[in-house]
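The following explanation is intended for a reader who meets this structure for the first time.

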Amino acid sequence: MTIGFVGVGRMGANMARRLKDRGFQVTAVHDVNRTVATSVAQELGSAASQDLSEVTASADVIITVVSDDKAMREIFGEGDDNLLINARGKLFINCATISPQVHVEVEKRAEAAGAQALEACMASSITQAREGSLYLMCGGTDAAFARAKPVLEALGSSVRFVGAAGEAAKVKALVNMVMNINTAGLAEGLGLGAALGLDLTMLREIFSQTGAASRVLETDGEDMQNREHSCFFSAAHAAKDSGIALDLARSLALDLPLARATKEQYDRMVAEGLGELDKSGIAELTFKNRHKHSGDRV
């Protein structure tokens, strides 16, 4: 089973490295950033394909890790170069966090081209991608899931089939929405603690042993305290993903005030040029005297 990759940024490149380590042949990679694609291709001993159709031609399975709905529609579009050219018999595993409806569209386009598509939404980060310990939520047909399983099990420690196309994307949107709310809440708690003169190491320890405990406290709490925001999951992606969840809520006439307020905070980071900080960087907005606007809303 040969593998092609479209999108070899932080996540895609580490997934490709993991599959190579597990004995899969990564035949081609493609990225809008040609420099990145060339570097990853040289490392993996694969081709840096300039055209999307070349990736499809070179591999049995094509894994896509792109940024948003627009990018997904472009690579599976109807232009002169797209992944569905001569795609009969191919399997596409689509890992980006995008709108559920776009996953449904891609599955239909793939089927019309004689191919299969599976969404494999990831609830993990860069380290897990490299280690093969991703949490994967999959949506599509039973046949596509069964065919993809050897690849998925090499990438993830937990591989869960959720249902038809679009269903896994709904779950992923909710996972990230709740994670983002928890991150914003933690930043406010630590920011207030710092302003009160509390020892933040002590405060984090007490949080961890009480109702304030969370997975985000484990991954981001110390980083917020130390202003260490190296990017594992960017503020820009947090804004996008919270937006997907809010769009789903609006379609059902459901009001989600916490999700809305959290997205506003991440949108604020993006607007101020902080979008490529890790999501933990939201603490820069809540700690007193850290940021040019800190305290504006007190």
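**From ring pairs to the overall fold**

Two aromatic pairs are found when the whole structure is searched. In one of them, Phe-76 and Phe-92 have ring centres 5.2 Å apart and ring planes at 80 degrees, which makes the pair edge-to-face because planes over 60 degrees apart are classed in that way. Phe-76 belongs to the loop between helix 4 (69-75) and strand 5 (91-94), whereas Phe-92 belongs to strand 5 itself, so the pair ties together parts that are 16 residues apart in sequence. Phe-76 is buried, its relative accessible area being 1%. Phe-92 is likewise buried, at 0% relative accessibility. It should be noted that the model described here is a predicted one.

The other pair is formed by Phe-145 and Phe-161, whose ring centres lie 4.9 Å apart; with 40 degrees between the planes, this pair is tilted. Phe-145 is placed in helix 7 (residues 142-155) and Phe-161 in strand 8 (residues 156-163), and the pair therefore ties together parts that are 16 residues apart in sequence. Phe-145 has a relative accessibility of 12% and counts as buried. Phe-161, by contrast, counts as partly exposed, at 30% relative accessibility.

A further ring is involved in an arrangement with a charged side chain. Arg-290 lies over the face of Phe-287, at 3.7 Å from the ring centre.

Attention may now turn to a histidine and its surroundings. His-30 is located in strand 2 (residues 25-30). Its relative accessibility is 12%; because this is under 20%, His-30 counts as buried. The side chain of His-30 reaches the backbone oxygen of Ser-49, at a distance of 3.0 Å. When residues up to four places away in sequence are not counted, the residues that His-30 touches include Phe-5, Val-6, Gly-7 and Val-8, as well as Ala-37, Gln-50, Asp-51, Leu-52 and Val-55.

Ala-154 is another residue of helix 7 to consider. At 2% relative accessibility, Ala-154 counts as buried. Ala-154 and Arg-18 are 136 residues apart in sequence, yet their C-alpha atoms are 7.6 Å apart in space. Apart from neighbours within four places in sequence, Ala-154 is in contact with Arg-18, Leu-19, Arg-22, Phe-24 and Gly-132. Val-32 counts as exposed, at 83% relative accessibility. Val-32 and Glu-264 are 232 residues apart in sequence, and 29 Å separate them from C-alpha to C-alpha.

Two residues deserve mention for their backbone geometry. Most residues other than glycine have a negative phi. Asn-86, however, has a positive phi, near 50 degrees. Asn-86 is found in the loop between helix 4 and strand 5, and at 71% relative accessibility this residue counts as exposed. Arg-227 also has a positive phi, of about 60 degrees, although it is not a glycine. The place of Arg-227 is in the loop between helix 10 (215-226) and helix 11 (235-251). Arg-227 counts as partly exposed, with 44% relative accessibility.

Finally, the chain may be considered as a whole. The protein chain contains 13 helices and eight strands. Its radius of gyration is 20 Å, close to the 19 Å that the globule rule gives for 298 residues, so the chain is as compact as a globular protein of that length. Along the principal axes, the C-alpha atoms fill a box of roughly 65 × 45 × 35 Å. Of the 298 residues, 50% are buried. Among contacts between residues at least 6 apart in sequence, 65% join residues at least 24 apart.

How values were computed:
Residues numbered from 1 in each chain as written. Predicted model: local features only at pLDDT ≥ 70, side-chain atom pairs only at ≥ 80, totals over all residues. Heavy atoms only, no water. Phe/Tyr/Trp six-rings, centres within 6.5 Å; stacked < 30°, edge-to-face > 60°. Helix = DSSP H or I, 4+ residues; strand = E, 2+ residues; numbered from the N terminus. Buried < 20%, exposed > 50% of the residue type's maximum accessible area, 1.4 Å probe, protein only. Lys NZ or Arg CZ within 6 Å of the ring centre and 35° of its normal. Polar contact = N/O pair within 3.5 Å; in protein donor to acceptor, adjacent residues only side chain to side chain. Contact = heavy atoms within 4.5 Å. Rg over C-alpha atoms; globule rule 2.2 N^0.38 Å.
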